[in-house]
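Please look over the sequence and the model below. A short report on selected features follows.

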Amino acid sequence: MSQALSPSLARCYGLARVARAWKISRASVYRSLKETPPNASACRPGPLGACSDAELADHIRQQIAAYGEGYRKLWARLRFAGVRTSPRRVRRVMRENGLLAPHRVGRTEAKPHDGTITHRQGQ
């Protein structure tokens, strides 16, 4: 619409004027123009690395079966085994496949002590 020519002056309306008429921000217009088409696959940006996530998950499962350590030690053992990747990727793949160690649960709201102090007489 901003590229359309006005009938009286034969000039473009411009994005600012169109956005004001439609009562939307110009940032919303630019964001809608930048959105990816629906047929594009959602993948992480950057290089793929030495192996796919599925292969890395298999390597991690093998290391867990042999040693059963946390993601940092697994990352070091993978490097020693020749699988070069980042520790963030190892942790992400472990999280996506449910391979991370269980975390400690938080404290409960119910306290076993009510806060009163009882003092024995005669001691």
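## Charges over rings

R91 lies over the face of Y71, at 5.3 Å from the ring centre. This is a predicted model. A second contact of this kind involves R77 and Y67. Here the charged end of R77 sits over the ring, 3.7 Å from the centre. Both arrangements are set out below.

| Charged residue | Ring | Distance to ring centre |
|---|---|---|
| R77 | Y67 | 3.7 Å |
| R91 | Y71 | 5.3 Å |

What about rings paired with rings? A search of the whole structure turns up zero aromatic pairs.

## Overall build

The protein has five helices and zero strands. Read from the N terminus, the order of elements is α-α-α-α-α. The chain holds 123 residues, and 15% of them count as buried.

Which of them gives the largest share? That is α4, with three residues.

By class, the lining splits into six nonpolar, three polar and four charged residues.

## Q63 in helix α3

Q63 belongs to helix α3, which spans residues 53–66. Is Q63 buried or exposed? Its relative accessibility is 14%, so Q63 counts as buried. The cut-off for that class is under 20%.

Neighbours within four places in sequence are set aside for the contact list. Q63 then touches G68, L74, R77, L78 and A81. One of these, R77, is the residue whose charged end sits over the ring of Y67.

## From α1 to α2

K23 is found in the loop between α1 (15–22) and α2. K23 is not a glycine, yet its phi is positive, at about 60 degrees. The residue counts as exposed because its relative accessibility is 76%. Exposed here means over 50%.

R26 lies in helix α2, which covers residues 26–34. Apart from neighbours within four places in sequence, R26 is in contact with L15, A16 and A19. The C-alpha atoms of R26 and A16 are 6.7 Å apart. Along the chain the two are separated by 10 residues.

## E96 in helix α5

E96 is part of helix α5. Its relative accessible area is 53%, so E96 is exposed.

## In brief

The helices number five, with zero strands. Q63 is buried, whereas K23 is exposed.

Definitions and conventions
Residues are numbered from 1 along each chain as its sequence is written. This is a predicted model: local features need pLDDT of at least 70, side-chain atom pairs count only at pLDDT 80 or more; totals for chains, interfaces and linings use all residues. Side-chain values use heavy atoms; hydrogens and water are left out. Helices (H or I, at least four residues) and strands (E, at least two) are DSSP runs, numbered from the N terminus. Ala, Val, Leu, Ile, Met, Phe, Trp, Tyr, Cys and Pro count as nonpolar, Asp, Glu, Lys and Arg as charged, and the others, Gly among them, as polar. Rings of Phe, Tyr and Trp (its six-membered ring) pair if their centres lie within 6.5 Å; planes under 30 degrees apart count as stacked, over 60 as edge-to-face and the rest as tilted. A charge sits over a ring if NZ of Lys or CZ of Arg is within 6 Å of the ring centre and within 35 degrees of the ring normal. Buried means under 20% relative accessible area, exposed over 50%, partly exposed in between (1.4 Å probe, protein chains only). Contact means heavy atoms within 4.5 Å.
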